[in-house]
Amino acid sequence: MRYLPHTQEEIQDMLEKTGHSSLEDLFASIPADCRMNTSWDLPEAMTEWELNDHMAALAAGMKVNERSKVFVGAGSYHHYMPETVRHLMGRSEFLTAYTPYQPEMAQGTLQGIFEYQTLTARLLGMDAVNASMYDGASALAEALLMGLRVAKKKNKVAVSQAIHPHYRAVAQAYLAPTSYELVELPILEDGRTDLSSLTDMDDLAAVALQSPNFFGVIEDLEQATQVIHAAGSLSITCFSEAFAYGLLKNPGQCGVDIVCGEGQSFGLPRSLGGPGLGMFGCRQKLVRNLPGRLVGETKDLDGKRGFVLTLATREQHIRREKATSNICSNQGICAMTAAAYMASLGRTGLREMARLNYDKSEYLKKELIKAGAQLTFSGPTFNEFVVHFTDDFRPVYDRLLQKNIVAGLELGTWYPKLQSHYLFCVTETLSRQDMDTIIEEIKA
Amino acid sequence: MNKTPGTSGLILDEPLLWEKGKPGRHAMSIPSSDVPAAPMDESLLGAEVDFPDLSEVDVVRHYTRLSQWNFGVDTGMYPLGSCTMKYNPKINEKHAATPAFAAAHPMLGDTHIQGVLQIMYELQHFLAEITGLDAVSLQPAAGAHGELTGMLIFHKYHTSHNSRRSKILIPDTAHGTNPASAALCGYKAIPVKSNARGMLDKNDVAALMDEDTAGIMLTNPNTLGLFEQQIREIADIVHAKGGLVYGDGANMNAVLGVVDAKKCGIDVLHLNLHKTFSTPHGGGGPGAGPVCVTKDLEQFLPVPRAVKEGDTYRLMTDQSQSIGRVHGFHGNFGVLIRAYSYILSMGAKGLNMASQLAVLNANYIRAHLKDTFHLAYETPCMHECVFSDKNQHDYKVSTLDIAKRLIDYGFHPPTIYFPLVVPGAIMIEPTETECKDDLDQFIATMKRIAHEAEHQPELLHNAPSRCKVKRLDEVTAARCPCLIGTAQADD
């Protein structure tokens with residue numbers, strides 16, 4: 001096996017030094033009743049070339065693939081990825097390093113994560129951003145737990161039903177064994193969250209909205225945060241499409257206290273939903289309650305600028321069971337990738353690309369309405385929106401699939417009331433011609 | 001002695017991203033619009049985000065220079081105990097980047113994505129085979145996430161048996177994340193002390209285990225690199241009181257093909273694919289922490305999981321006792337592909353051989369260094385060995401100094417000051433992918449450092465001297481945290 005460097009002669013020499021009679025003898029301390037005594041049902045080892053063929057065959061089994069035009073976002077978005085970002089982040093000095101426990105030989109990772117924290121803080125309008133969480137969903141769960149920690153004696157958190165259903169499911173799973181209560185807030189006609197029940201709730205530590213929400217609808221974060229604060233709760237905003245903040249007012253500007261969401265749009269492939277990037281930030285006054293790793297700037301013995309992992313006293317290896325989270329490994333290289341992507345876009349590029357996403361989705365929205373579709377929600381949207389059709393859309397969907405176009409996502413699975421309502425997403429990767437093909441097929 | 005790899009070279013400085021660039025530069029092609037500009041409600045519009053404008057060359061030089069300040073497994077030996085820093089095969093990167101897999105959308109119907117579902121299904125099967133357990137969830141995104149998933153399963157299991165339990169036993173030789181994971185599920189961690197041989201004693205467990213205790217979380221081999229010989233009896237004690245046994249599989253690299261987790265009495269076990277199954281750690285992730293369970297606990301696993309019906313793969317969500325979801329989609333799928341690729345490359349014999357050589361390498365280092373550095377326990381070790389700085393105390397040299405001096409010689413230091421049961425611990429895990437020549441060089445270097453400690457301790461106190469930076473002021477960093485850069489993009 002090419003990954004195992006030992007020659008037979010070396011193995012013999014080494015066994016002699018350790019005082020073992022054979023390789024098996026190294027395991028003499030393991031009791032007989034703990035031993036594996038059946039042979040594994042695993043395929044024979046493949047050569048690199050056999051493995052390439054095997055993977056190619058699996059790839060061929062993907063009916064929807066890299067050539068498909070996918071008008072589906074719902075938490076996982078197709079954006080163009082510069083070759084430079086892919087190339088640089090594939091450098092093994094970054095990729096094959098561990099968490100930077102020895103800062104003197106990990107300054108590349110540390111400066112890179114510090115830059116990620118900074119650019120992300122600017123994007124979201126937050127004072128501090130951590131070195132990443134697993135994904136948008138677990139970031140929401142951690143944000144709710146953080147809200148409960150900060151509020152101390154309060155016992156309840158509220159989440160909008162317009163938050164990605166999978167994110168809500170993860171939050172539920174995290175909170176299930178605790179004594180905390182998770183309540184859901186209904187959706188208004190315009191697709192925004194109904195906050196009217198907040199005034200009747202006491203004991204509410206935090207309220208979480210998603211903006212743009214699962215339906216693509218942009219919440220009125222400023223107004224919502226005022227209502228949430230008036231109810232004595234912390235305001236949490238989550239998101240699944242980071243590009244939105246290239247165009248929209250950021251949550252910080254709207255007074256939000258904690259922001260959490262998915263950064264996959266910034267340079268990461270969809271890859272069946274992972275690895276993604278949990279972005280997580282908060283206001284200065286909440287920093288010591290922040291979960292996860294943080295990189296900070298400092299100086300070395302000669303007064304030279306350098307970076308280290310810091311505020312570790314919040315973390316599990318020091319605070320043990322009183323830690324702000326159990327997270328250890330996070331999504332390191334994904335955070336670096338997002339930083340390289342944000343740096344590649346720059347101030348002007350981010351704005352142009354976000355605008356392009358908005359304009360394209362507005363074009364499709366308008367054309368679909370002209371072709372007879374009805375908007376499900378009246379609120380403003382970013383690059384996703386929900387429509388329904390008077391006639392059954394399924395035959396059109398199937399015909400488009402034959403043309404390698406995935407025309408939206410039917411929402412009945414997640415929202416029974418939205419059976420035969422379709423969530424469409426348009427990013428810069430889809431052309432006017434692709435959109436016109438959908439319209440032609442509807443009219444056909 | 002042999003020459004060491006450490007030497008000094010030209011290091012180029014590089015400012016922070018926002019300290020360079022000029023407004024108007026681009027490092028990414030922006031497509032021109034083929035649709036009319038749409039009107040937008042001005043009240044929703046934010047200001048432009050304060051990112052620097054850089055050229056493509058600016059970005060490329062920036063990250064290339066940063067990368068040169070880093071040390072990875074591809075650079076050299078990285079014997080970080082408990083982290084299994086083995087070689088990360090390059091072919092796995094190619095497979096993870098397969099265009100059809102990279103483009104796979106997580107919300108589409110099963111028939112659209114058969115290729116990736118087959119990978120999930122087969123990987124679930126491989127991991128069940130390898131551990132000896134019955135069912136697997138691939139969702140957890142890291143080891144600690146696997147632990148949390150395991151604790152959620154414990155909780156749900158007890159609830160389903162109309163039992164509310166408030167405590168959990170955690171040995172002092174378990175992984176650092178265990179207490180925090182248990183605390184998230186409301187369990188109070190009850191520490192169990194290891195004995196003079198560095199192992200758990202069944203009598204200590206019996207004395208603490210009761211019907212208010214959900215079970216035990218143990219790491220086997222433990223963080224001292226020792227196999228818990230009484231695990232079978234300990235599991236029986238825990239089970240007899242209605243508890244469950246959680247196995248932290250972070251150290252699985254020691255026992256592939258040797259130990260059967262189910263026969264050990266383990267009910268739930270997580271694996272770290274970024275350790276045992278060779279996926280790169282990325283300077284802190286992403287990893288993957290799949291959870292394997294016995295048949296009895298299968299009903300509690302997160303949903304969805306991949307199943308096979310006839311020739312079709314499907315995502316199964318109907319499982320009424322499930323703890324729900326722990327990840328937005330299907331876990332770190334890109335990491336799962338790499339592990340799948342690794343298992344197919346190694347085969348059963350290769351995986352077993354990897355463990356044998358990992359244990360051989362650790363024992364070889366132990367045998368060579370035990371007369372130089374103080375060995376914490378005399379018990380035979382598995383894939384890692386733990387020394388301490390006890391022999392160097394007289395020279396006022398600490399574990400930290402020894403670690404920093406190793407950097408000058410071109411080695412990543414071992415894990416230090418962990419496990420906590422060994423004061424000044426130096427925890428060395430060479431892994432199977434280090435060849436004898438490199439081990440010999442490492443051993444010679446450790447001996448040289450021990451000699452320096454005695455005769456020229458200032459060399460250790462002043463180390464490292466060959467990196468971009470010297471020792472960093474971590475105290476000030478924590479006291480006055482500077483977590484984001486303050487300079488403006490165009491300054």
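Trainee: Which domains does the domain assignment give for chain A?
Mentor: In this predicted model, the assignment divides chain A into two domains, of which domain 1 is written as two segments, 69–80 + 350–443. The other one, domain 2, is given as 83–341.

Trainee: Which element gives the most to the side of domain 1 of chain A that touches domain 2 of chain A?
Mentor: The C-alpha centres of the two domains of chain A lie 28 Å apart, and 25 residues of domain 1 are in contact with 25 residues of domain 2. On the domain 1 side, the elements that give two or more residues are β12 (384–388) and α10 (332–370) of chain A. With seven residues, the element that gives the most is α10(A).

Trainee: How many residues of the side of chain A that touches chain B come from α10(A)?
Mentor: The contact between the chains takes 170 residues from chain B and 165 residues from chain A, and those of chain A divide into 82 nonpolar, 50 polar and 33 charged. The largest share of the chain A side comes from α10(A), and that share is 23 residues.

Trainee: What angle does the direction of helix α5 of chain B make with that of β6(B)?
Mentor: Strand β6 belongs to an open, mixed sheet of seven strands in chain B, in the order β1-β7-β6-β5-β4-β2-β3, and β6 pairs with β7 of chain B in the antiparallel sense over three bridges. Helix α5 (residues 143–160) of chain B packs on this sheet, touching β1, β4, β5, β6 and β7 of chain B. The angle between the directions of α5 and β6 of chain B is about 165°.

Methods
Residues are numbered from 1 along each chain as its sequence is written. Chains are lettered from A and ligands numbered from 1 in the order in which they are written. This is a predicted model: local features need pLDDT of at least 70, side-chain atom pairs count only at pLDDT 80 or more; totals for chains, interfaces and linings use all residues. Domain bounds come from an automatic or database domain assignment. Two residues are in contact if their C-beta atoms, placed from the backbone, lie within 7 Å. Helices (H or I, at least four residues) and strands (E, at least two) are DSSP runs, numbered from the N terminus. Ala, Val, Leu, Ile, Met, Phe, Trp, Tyr, Cys and Pro count as nonpolar, Asp, Glu, Lys and Arg as charged, and the others, Gly among them, as polar. Two strands pair if DSSP finds at least two bridges between them. Axes are lines fitted to C-alpha atoms, for helices over the stretch in contact, and angles run from 0 to 180 degrees between N-to-C directions.
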